[in-house]
Amino acid sequence: MRNTIVFSLAVILLSSALAFGGQNPQHSSTSPYEFTKKLNKVHPPASTYTLYDQVKTDKKYPAVNSAPVRRYALPNGMRILVQEVPYDDVVAIELLVHCGVFQEESNLAGYTNFVLETLLDRVTSEKGEDVAEITGSVIDAGVTPDLARLSIVTDSKHCAYWLERLCLALNNPVIGEKEAENVRSRLLISLKERGGGFSELYEIFLSQFYRYHPYKRSNFGSEAVVKKASAQSLSAFMERHFAPDHMLLSISGKVSGAAVETLAKKHLAGMTPHPDSVIATQWEAQAQEKEMYLSSSANMAWVLVGYPAPPMLSADYAAMRLATAALGSGLSSRLWLELREKRGLAYELAGRYPELSGPSHFLCHAVCKATSVGEVRRRMVAEVRKFRDEGIREQELEDTRNMLIGEYLLQRETNAGRALHTGMAELLGPGYGADSQYLQDLRRVTMADVNRAAKKYLQDPCLLVARPGGRFYLDW
């Protein structure tokens with residue numbers, strides 16, 4: 001039996017301009033890939049060199065002929081990945097920390113973001129000046145459910161300078177009172193300004209979908225926790241979670257691997273590891289079947305329908321990625337063609353399938369008229385059910401596969417993309433080589449694999465609706 005929960009939300013500013021937004025005004029913490037959008041304005045991709053070429057033995061799909069990755073591991077557990085790209089003067093530095101929403105206890109929600117902002121201040125500010133602007137570099141930070149990241153994109157001339165600043169910032173786990181207050185005031189402002197539109201609704205959806213699982217919590221943290229966080233407790237959190245055996249440096253560009261290794265040994269080898277035991281968190285997708293209705297002050301309405309999905313290391317991941325892309329990615333997806341092109345029911349329509357080390361989800365969301373919610377919800381669920389029951393078509397599979405391969409290659413055309421993805425594969429997966437293995441997995445997926453994954457996961461939808469009056473319409 002469905003549990004129906006009716007909430008009244010005084011003010012949810014639903015705007016079609018925020019249909020794909022709702023991000024932190026300062027940092028793109030909802031997705032690790034948003035950062036690359038603003039890099040092209042300062043450091044465009046190199047046109048003289050690419051890591052991806054066609055192989056003669058397989059003309060149908062491109063293969064990854066990437067620059068070799070040099071991997072170093074310090075005795076304290078710190079890992080360093082370096083890809084030397086001599087033809088591209090841009091250097092991307094990714095600091096990835098295995099500390100995100102998943103590792104935070106509920107009474108520490110927001111500590112990861114707090115420590116990350118502190119590191120960002122230490123790295124970018126010198127005597128009151130913004131050294132990123134002076135050196136023409138782009139720096140960003142963000143928290144995801146599984147990790148924290150600090151990204152630096154600069155030129156080869158300033159690479160060693162930034163690496164030293166980053167290492168010095170990491171070597172001091174003690175956060176001062178004044179340092180904490182400066183970060184606190186900025187975080188509280190961003191927490192108040194982040195609300196509205198898809199961002200706020202997505203957080204509400206996650207809290208219902210995951211219930212007791214840590215993924216239910218916001219990437220931004222809790223305002224109450226941020227207000228009460230002391231410099232002493234923040235320092236203890238940084239010492240424990242931002243330890244060398246929890247961190248990884250991934251660098252790509254015109255850089256010397258030997259020089260990076262020397263610098264890392266000099267500045268990072270003295271850091272003390274802090275091994276943590278991994279605690280398995282149980283989560284039952286079948287127990288999450290719910291409906292939630294919110295009352296908003298806007299004229300438009302939002303419909304969010306979510307389904308369970310496998311984690312990124314699952315054997316079903318590639319097949320499910322193809323299934324969800326065929327359903328909700330792009331203008332040729334089934335949901336877009338059925339609801340937008342054929343029936344004109346939605347102003348905005350999209351699907352998302354986050355890359356998570358734990359249980360993930362496939363979320364379809366639509367922005368529509370308040371009076372169209374009932375039909376949008378019925379047809380959205382019906383289209384997913386039809387895909388699950390009838391399966392994917394052969395040509396549809398090939399078109400979707402080619403689209404995903406193209407997206408994969410484009411995300412790795414820049415040094416920032418290469419550093420991020422190899423780093424994520426090393427930190428969250430079986431090793432940096434798993435990033436290129438994903439491409440091979442996509443190629444091997446068959447129609448039977450996609451259909452099996454759809455039948456397995458596209459069950460027990462979780463529904464969230466926000467519109468004036470909440471549930472009290474006659475169109476249901």
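Let's start at a helix contact: Arg-334, Leu-335, Glu-338 and Leu-339 in H11 meet Val-376, Arg-379, Met-380, Glu-383 and Phe-387 in H12, where contact means heavy atoms within 4.5 Å. This is a predicted model, so local features need pLDDT of at least 70 and side-chain atom pairs count only at pLDDT 80 or more, while totals for chains, interfaces and linings use all residues. Residues are numbered from 1 along each chain as its sequence is written, and side-chain values use heavy atoms, with hydrogens and water left out.

**Overall picture**
- The protein has 16 helices and 16 strands; these are DSSP runs numbered from the N terminus, with helices being H or I of at least four residues and strands E of at least two.
- Of its 476 residues, 57% are buried (under 20% relative accessible area, with exposed over 50% and partly exposed in between, using a 1.4 Å probe and protein chains only).
- Take the contacts between residues at least 6 apart in sequence: 83% of them join residues at least 24 apart.

**Helix pairs**
- Back to H11 (residues 334-342) and H12 (residues 373-390): their axes come within 10 Å and cross at roughly 150°. Axes here are lines fitted to C-alpha atoms, for helices over the stretch in contact, and angles run from 0 to 180 degrees between N-to-C directions.
- That angle makes H11 roughly antiparallel to H12 (over 145 degrees; under 35 is roughly parallel, 65 to 115 roughly perpendicular and the rest oblique).
- H10 and H16 (residues 447-457) pack at about 80° with axes 8 Å apart, which makes H10 roughly perpendicular to H16.
- On the H10 side, that contact uses Ala-319, Met-320, Leu-322 and Ala-323, and on the H16 side Asp-449, Val-450, Ala-453 and Tyr-457.

**Nonpolar cores**
- The largest nonpolar core has 59 residues, and Met-320, Leu-349, Val-376, Met-380, Phe-387, Val-450 and Leu-458 touch the most other members. A core is a set of buried Ala, Val, Leu, Ile, Met, Phe, Trp, Tyr and Cys residues joined through side-chain atoms within 4.5 Å.
- Helix H10 (residues 317-328) supplies the largest share of this core, 9 residues.
- Apart from that one lies another core of 57 residues, including Leu-95, Ala-132, Val-226 and Leu-268.

**The six-strand sheet**
- An open sheet of 6 strands runs E4-E5-E11-E6-E10-E9 with mixed pairing; two strands pair if DSSP finds at least two bridges between them.
- E4 (69-73) and E9 (138-143) sit at the edges with a single partner strand each, so one side of each has no neighbour in the sheet.
- From one strand to the next, the twist averages 15°.
- E5 (residues 79-84) and E11 (residues 247-253) run parallel and are joined by 6 bridges, with Val-82 opposite Ile-251 in E11.
- H2 (residues 111-124) lies across E9 and E10 (148-155), at about 165° to E9.
- H14 (residues 415-428) lies across E4, E5, E6 (90-97), E10 and E11, at about 25° to E6.

**Another strand pair**
- E12 (residues 290-295) has 5 of its 6 residues buried, so E12 is largely enclosed by the rest of the structure.
- E12 pairs with E16 (residues 462-467) in the parallel sense over 5 bridges, and the bridge partner of Glu-291 in E16 is Leu-463.

**A loop residue**
- Phe-102 lies in the loop between E6 and H2 and, at 26% relative accessibility, counts as partly exposed.
- The C-alpha atoms of Phe-102 and His-213 are separated by 8.4 Å, although the two are 111 residues apart along the chain.
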